Amino acid sequence: MSIIFYSSDDNSELAVHAIKNALAEYEVTTWPAAHPEKIRYAITWGAPEGFFNDLTGLEAIFSWGAGVDHLFNNPELPDVPVYRLEDAGMADKIADYVLYSVMSWQRNFKMYISQQAKMVWQPQKERSSADYHIGIMGMGVIGSRIAERLATSGYSVSGWKRTPGTATAITLFSGLEQLDEFLQSLDTLVCILPLTKETRQIINQRVFNSIPKGTQFINVGRGEHVVESDLLEALDNGQVSDAVLDVCVTEPLPLEHFLWKHPKVTITPHIAGPTQEMLSAEEVAKGIRVLSIGGTPDGLVDRVKGY
Ligand code: GLV
């Protein structure tokens, strides 16, 4: 019985090492496997064409990441259960990224950087955190952690989910019918939705026209959540005052893309929640052990919902 690992990211060697350590009782192989028929579990991110072809004994697939859009976009995905990383250290990292982005905007750091370049000593007016309202689209494991972190830092936080959720300490809106109400009082909008056919391009002109003028926008979900031409319009007409984008429709962002040089945009190269090999390997190993005794691990993906 063995396990196959493939990641299109750079750190495969570290990952294989971590997986071998965490699952010492299994043979762990990389792609292409010498004996594909012996493979029971695949752990993968961005599997190449043909990856699943000869895995005739495959019982489950583990996404080497929180998102599973890379799997559901693959027309060769076999009909076996798919599990995704639910946290593996990513939730805290993404919460750090969002808190930093909000604070540096709310406390005028971008402005002070440009003032320093001109040697200007000029304190700026600052909004109090309690009056500063952040809305999080996507209230799964990671979205909820972001919300908690921001609330603990004194911000006023609410969340939006596509489908109704159970009550939490955070004010929760759900469904398209409550989207406008959720958007109308925000100072910062954060996207951490899963990418599904329902959420693709959900952040479009309608959303940008519903937020108050001058809202900050942070995207730590997927680039495809956003209609980039609508974002450009919102940046230029002042609906969005600052955009912090960890993800873009095309990654790496093409050199000629307007986002690189827009003065209101900060781009980071999809690093908000970097894969932490040891923690990810431990989460997958726990899942495989639960499966091997007939249980259902956490992180089971609903194929109909797509997350
Ligand atoms: C990163 O984007 C992930 O889905 O883990």
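**Reading the ligand site and a helix**

User: How many nonpolar, polar and charged residues does the shell around the ligand have?

Analyst: The shell has 3 nonpolar, 3 polar and 1 charged residues. Ala, Val, Leu, Ile, Met, Phe, Trp, Tyr, Cys and Pro count as nonpolar, Asp, Glu, Lys and Arg as charged, and the others, Gly among them, as polar. This is a predicted model: local features need pLDDT of at least 70, side-chain atom pairs count only at pLDDT 80 or more, and totals for chains, interfaces and linings use all residues. Residues are numbered from 1 along each chain as its sequence is written, and side-chain values use heavy atoms, without hydrogens and water.

User: Which residues are around the ligand?

Analyst: A residue is near a molecule if one of its heavy atoms lies within 4 Å of it. Here they are Trp 45, Gly 65, Ala 66, Gly 67, Met 90, Arg 222 and His 270.

User: Which atom of Ala 66 lies 2.7 Å from a ligand oxygen?

Analyst: A polar contact is a pair of N or O atoms within 3.5 Å. For Ala 66, a backbone N or O atom lies at that 2.7 Å. Arg 222 uses a side-chain N or O atom, 2.8 Å from a ligand oxygen.

User: Which residues of helix 5 are buried?

Analyst: Buried means under 20% relative accessible area (1.4 Å probe, protein chains only). In helix 5 these are Ile 142, Gly 143, Ile 146, Ala 147 and Leu 150. They cover an arc of only 140° around the axis, so they sit on the same side of helix 5. The arc is that of the directions from the helix axis to the C-beta atoms.

Terms used:
A polar contact is a pair of N or O atoms within 3.5 Å; within protein, one must be able to donate a hydrogen and the other to accept it, and residues adjacent in sequence count only if both atoms are side-chain atoms. Buried means under 20% relative accessible area, exposed over 50%, partly exposed in between (1.4 Å probe, protein chains only). Helices (H or I, at least four residues) and strands (E, at least two) are DSSP runs, numbered from the N terminus.
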